[in-house]
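This report describes the fold of one protein chain, starting with its secondary structure and ending with individual residues. The sequence and the model are shown first.

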Amino acid sequence: MKCPNCSANLKRVEVKVQGASIKAISYQCQNCDYFEFEPVSSKKVIEELRETPLKIKQKIIKLSKNRLGMYFSNHVTRSLDLRKGEDLYVSVPDKNHIILELEVKTHSQKRANI
Ligand SMILES: [Zn+2]
């Protein structure tokens, strides 16, 4: 496969997606910034993420000074043992996902996908 921008060879790279066991295949240009996901594998990853066991619908709420926020439901706080003042890392892998990652508390890493 060739890059549509600069015709250099595209490199096939497997991308590990948080919360999915299947890897998404991407094609990346070594020469410019061109990057694309192979549609079949990325669709499988999205389907797998949709089947995440804990999925709760929540409203975004308005905080002071027009900032937005959300509450964690009791199910989430209990199952992840969340405490006030803990650090969370927020990442946005695409337009439909926000990933919240907790600091490592024990040997295993705790994650919440929303
Ligand atoms: Zn290129």
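## Basis and overall make-up

Helices (H or I, at least four residues) and strands (E, at least two) are DSSP runs, numbered from the N terminus. By that rule the protein chain has two helices and eight strands, and their order along the sequence is β-β-β-α-β-β-α-β-β-β. The model is predicted: local features need pLDDT of at least 70, side-chain atom pairs count only at pLDDT 80 or more, and totals for chains, interfaces and linings use all residues. Residues are numbered from 1 along each chain as its sequence is written.

A residue is called buried if 20 or more other C-beta atoms lie within 10 Å of its own, exposed if 12 or fewer, and partly exposed in between, with C-beta atoms placed from the backbone. Of the 114 residues in the protein chain, 4% count as buried. Two residues are in contact if their C-beta atoms, placed from the backbone, lie within 7 Å. Among contacts in the protein chain between residues at least 6 apart in sequence, 27% join residues at least 24 apart.

Strands are said to pair if DSSP finds at least two bridges between them. Three strands form an open sheet in the order β1-β2-β3, and the pairing is antiparallel. Because β1 and β3 (35-37) stand at the edges, each with a single partner strand, one side of each is left without a neighbour in the sheet. From one strand to the next the twist averages 25 degrees; axes are lines fitted to C-alpha atoms, for helices over the stretch in contact, and angles run from 0 to 180 degrees between N-to-C directions.

The antiparallel strands β1 and β2 are joined by six bridges. Arg12 has Tyr27 in β2 as its bridge partner. In a regular strand the side chains alternate between the two faces of the sheet.

Helix α1 lies across β2 and β3, and runs at about 135 degrees to β2. Lys44 belongs to this helix, which spans residues 39-50. Lys44 counts as partly exposed because 15 other C-beta atoms lie within 10 Å.

Lys23 is located in the loop between β1 and β2 (24-29). Lys23 also has 15 C-beta neighbours inside 10 Å, so Lys23 is partly exposed. Val45 is 22 residues from Lys23 along the chain, and their C-alpha atoms are separated by 6.9 Å. Neighbours within four places in sequence aside, Lys23 is in contact with Glu14, Val15 and Lys16.

Strands β6 (residues 88-94) and β7 (residues 97-102) pair in the antiparallel sense over five bridges. Tyr89 stands opposite Glu101 in β7.

Which residue in the segment before β1 (10-15) is of interest here? Ser7 is placed in that segment, and has a positive phi of about 65 degrees although it is not a glycine. Ser7 counts as exposed because it has 10 C-beta neighbours inside 10 Å.

Asn66, in the loop between β4 (61-62) and β5 (68-69), has a positive phi near 60 degrees and is likewise a residue other than glycine. With 6 C-beta neighbours inside 10 Å, Asn66 is exposed.
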